[in-house]
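Here are my notes on the model, point by point. Please read them with the structure open.

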Amino acid sequence: MRLFWKLFYSFFIFILVAIASFSYISYSRQISSSIEGIESKYHAIGSLLAREIEINYLQGTWPFDSLKSLKGENEFLFWWVIDEKGRIYLADDEKFIGTYARDYAPFGTELGNGDDMLVDKKQQYGLFAKKFGPPDRKWEFRLGFSLQDVFKEARAFIAIAILISLATLAAFSLFIFYLMTRFLSPISSLMKATKELSEGRMDYPVSLKKNDEFSELAASFVDMRKKIATTSKKLEQTNKNLEKEVIRRTKQLDEKIDALERLNKLFVGRESKMVELKQEISKLKEAGKKA
Amino acid sequence: MKNIIIISLVICLIALSGCAEKGLELVPKEKTGENILRDTCTGWSVKENPGEAVKEAIDMCFESKTSRDAKFAAIFITHGSDAQAVILKAREILGDNTQIYGGTSAQRGVITDKGILKISDNPAEGAEMEGKRGIAVMLASSDKIDFGAGSANFKEFSSVQEASKSAVLSAIENAGKTKDEKPSLVLITTSKEMEEEVLEGAESVVGKDTVMLGGTAGGPPRAVFGRNEAYEEGVSMAVIYTALPVGWYFEGGFDVSEKTSGIVTKVDMQTIYEIDNRPALDVYDEWLGGEITKVYAQLKTERPIRDLMTLHPLYRKYKDETGKEYNLFSHPWPKDPNMTEKEIMTSTKIKTGERVYLSNGKWETLLNRISLLPLKAKTEGGMGSDSAALFTMGYICNGVYGAIPESERAKMPVLINHANNNVPFIAPFTSGEQGHLIGIGNKHGNLLTSFIEIGDTGK
C-alpha cells in the first residue's frame, strides 16, 4: 500500500494547491465584481433619493414612499436624515431618531475628501452620504448597505469548492485503492512467493486464475520455480556424484601417495646409502692420496 | 505527510468558519435631551388599573411642568378603558378647580410629543408606550389663558342641540366668563352620529364665526368626560379665552381634482343609498375604474376595500362669501361587507341634493401634511415657524392614521415635534372631525386633521 499512499499524497497536494489557487482567484474576482455592482447600485439609489429629498426639503416634505421602498433592497442597512447639529432627524427605524449620528461609528463618521461613497471591505459595509439644504444649515442624507451577503456567498462558493474537492479526493482515493487492491494483490502474492522461494520453499501457492499479464507473470514465475526446482535437484544429484567421485579419487590418490611414500622411503634409504658410500669413497680417496 | 494533510484540513475548516459573519451591529443609543420646564406638559401610562394609570400619567406630566398645578387637563383614553374610574381619579388628583376635558381616542392610541401610545392585545416586549390600555394627559397652566370645561349627557336633554348648548354655556361659566364673551376657541369631543347637531347647538351660543375644533370620540365603546363622570352619549367641551396669538389649521390631506362627482339622490342619516339615482357603491366603483369589484373578486374580504376607499374619500365643497372654496371630506366604506347591498356609509350626514366629489390620496402625502400642521397653524396665527407656542393640541382622524403604514407611523410625532419646536402636545385619534371653515361656519367631516397653536413663549 506504499504505492497507494504515494499516489494519494501526490494527488492530495495537487488538489490542495489547485483548490487554493482557484479559490483565491475566484473569491477575489467574485467579491470585487459583486462589491462593484452593489456600490454602483447604491450610488445610483442614494443620488436619486438625495435629489428627491432635497427637492422635498424645500417644500417641507419628505419622500417617505421612496425611502420606505429602500427596505426592500437586499443589502439595505439603514437610512438617516441628519440635521445640522448631527442629530438623526429621520430614520428607517424610529429608535435612532433623536440620537446623534456620531455615536454610531463608523456609520456616523465623516467620509472626508468630499466623497459621497465609502466602501469598507474589512467591516463589510458601504455608506452613501450627501449633504443638502442651505449653506448655513447643512443637513445630510446617509444610506448604509451591507456587504455581508457578498462575503457569505463567496464563502459558500469556497465551501462548495472545498467539499467538491474533498469528494473528488475521496473518490479518487477509493478508485486508487480499488486499483491498488486489484493490481497489488497478485504482485503481493508474487512477492510473498519470491520470498518463500528465497528461503527455499518451492510450494507456496500462486494464483493463476485471471487471464491477464499478472497471471502470465505468475505462470512464468511458477515455470521458473519448477525449472529452479529441477535444476536444483540435478545440482543436488551432481553434487552427490561428485562427492562419490571425489571420495574414489581421493582413495586412489591416497593409495598412490602411500606407494610413493614407500618408494620415497626406499629411495631415501638408498639415497642415504649412496651418500654414505660417497662419503666413504671420498674418505677412501683421501686416504688413498695420503697414502 | 499525514501531518500535512491534517494541517491542511484544519486550515480549510478555519478558513470556512473563521471568516464567520462579522457584520457591524447597529444598536440605537439612549436618547438624551434636556428637560425644559414649561407651562404645559404631557404624560402617559399603559397600566391596566385605571387609577394607577391616571396617577402615573399625571406624575410624568408634572416632572416637566413649572408647577404642580393645572388649570386645564386634556385627557384621552383608549376606548375600552374604564372612563368612569379615570375621570374620578383625575378629579381626585387634580382637584375641583382643574378644567377637565376629553374622552376616548380611537383604538390605535393617542399621540403626544413623547410618542404614540399604542394599544395591542399582545404588546411587543420592551415597547415602552405599548399596552392593552392607554391614557395620555396634557396639563396646562397659564395666567394668559383662561380655560373652561363643560359637558352634557345627551340622555338628559330633549335634543342634542340643547345638550350642546348646555355644555358650552357651562364651559363659559367655568372659565369665569359670560356668554357674551366669545371664546377664542372651542374644543369638542363628542360621541358619534350627533356631530352636526352638537355644532349647531354650540353655534347657537357662540356664533358661527367662533372657531370650533374637535373630534368624535373613538370606540365603541365611546365615552366623553363630564365633570365627575363619563358619558357614553354626550359631549365634552372646552373653551379658551386668551389675548395671545391663536393659530389653527383644519384640513384633509387628499388631492382634489373635481373630475369625478355626482349628486346624492337618496340618503338616510349617514348612509348614502344612491348617487345620480343609481346604487351608490356601483357609482363609486365606476369612479375607481372597477377597482372595488376587482379587489373583492381576488381577496373576498372587506378590509382591503375599506383601505382603498380610505384613500379615495368623498368630499363636498363649500364656498364662503369671498368665493374661497373649502373641501369637507367624508370617509366612505361599504355598508355590506359582502358587497351585495350597494349602500355607502360615511361618518357624516350628507344631504340629498348635495354634490359629492371623488378625491384621492397617498399615505406619504397624508404623513407629510400632518407633519406640517403645526407650521400651518403658526402661520395662520401670525407666529414665526421657529416660535414655541404655550399651548398646542391636535386632532387626527383614525382613518388617516390607519392609512399610513405601521412602519412609518412613528415618524409622525417626530415630525410634529420638529414643526412644533418640541412643545408638548396631545392629539387623539378621532372617528370624525369638527372644524371651522372661515366664512362658512363649523362643519363635521372625516379623514381630517387639525392643530392649534396658542401663544409664543419665545423658547
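1. Where does Pro106(A) lie? Pro106(A) sits in the loop between β2 and β3 of chain A. A cis peptide bond joins Ala105(A) to Pro106(A), with omega about 0 degrees. Helices (H or I, at least four residues) and strands (E, at least two) are DSSP runs, numbered from the N terminus.

2. Ground rules. This is a predicted model, in which local features need pLDDT of at least 70, side-chain atom pairs count only at pLDDT 80 or more, and totals for chains, interfaces and linings use all residues. Residues are numbered from 1 along each chain as its sequence is written, chains are lettered from A and ligands numbered from 1 in the order in which they are written, and side-chain values use heavy atoms, with hydrogens and water left out.

3. Other backbone points, in chain B. Gly219(B) and Pro220(B) are joined by a cis peptide bond, with omega about 5 degrees. Pro220(B) lies in the loop between β10 (212-216) and β11 (224-225) of chain B. Lys300(B) is not a glycine, yet has a positive phi of about 55 degrees. Lys300(B) belongs to the loop between α7 and α8 of chain B.

4. The chain A sheet. Five strands make an open sheet in the order β2-β1-β5-β4-β3 (chain A), and the pairing is antiparallel. From one strand to the next, the twist averages 20 degrees. Two strands pair if DSSP finds at least two bridges between them. Strands β1 (residues 76-82) and β5 (residues 139-146) of chain A pair in the antiparallel sense over six bridges. Trp80(A) stands opposite Arg142(A) in β5(A).

5. Helices on that sheet. Helix α1 (residues 2-59) of chain A lies across β1, β3, β4 (125-132) and β5 of chain A. Helix α1 runs at about 155 degrees to β5(A). Chain B contributes too: helix α12 (residues 411-419) of chain B lies across β1, β2 and β5 of chain A, at about 145 degrees to β2(A). Axes are lines fitted to C-alpha atoms, for helices over the stretch in contact, and angles run from 0 to 180 degrees between N-to-C directions. Contact means heavy atoms within 4.5 Å.

6. A six-stranded sheet in chain B. The sheet is open, with order β8-β13-β9-β10-β25-β26 (chain B) and mixed pairing. β8 (145-153) and β26 (441-445) of chain B stand at the edges with a single partner strand each, so one side of each has no neighbour in the sheet. The twist averages 20 degrees from one strand to the next. Strand β9 (residues 185-190) of chain B and β10(B) pair in the parallel sense over five bridges. Thr190(B) stands opposite Thr216(B) in β10(B).

7. Helices on the chain B sheet. Helix α4 (residues 160-174) of chain B lies across β8 and β13 (234-242) of chain B, at about 150 degrees to β8(B). Helix α5 (residues 195-206) of chain B lies across β9, β10, β13, β25 (433-437) and β26 of chain B. Helix α5 runs at about 165 degrees to β26(B).

8. A helix pair. Helices α6 (residues 280-287) and α7 (residues 291-299) of chain B pack at an angle of about 100 degrees, with axes 7 Å apart. That makes α6(B) roughly perpendicular to α7(B) (65 to 115 degrees). Leu281(B), Tyr284(B) and Asp285(B) in α6(B) meet Glu291(B), Ile292(B) and Thr293(B) in α7(B).

9. A cavity is a set of points, on a 1 Å grid over the protein atoms alone, where a 1.4 Å probe fits but cannot get out; lining residues have an atom within 4 Å of a point. Grid points are joined across faces, edges and corners, and a volume is the space filled by probe spheres set on the points. The structure holds three cavities of 30 Å³ or more. The second largest cavity has about 40 Å³ of space. Its lining includes Glu251(B), Leu366(B), Val400(B) and Thr449(B). α9(B) gives the most to that lining, with three residues.

Key: Angles under 35 degrees count as roughly parallel, over 145 as roughly antiparallel, 65 to 115 as roughly perpendicular and the rest as oblique. On a 1 Å grid over the protein atoms alone, a cavity is a set of points where a 1.4 Å probe fits but cannot get out, and a pocket is an open set with protein on both sides within 12 Å along at least five of seven lines; lining residues have an atom within 4 Å of a point.
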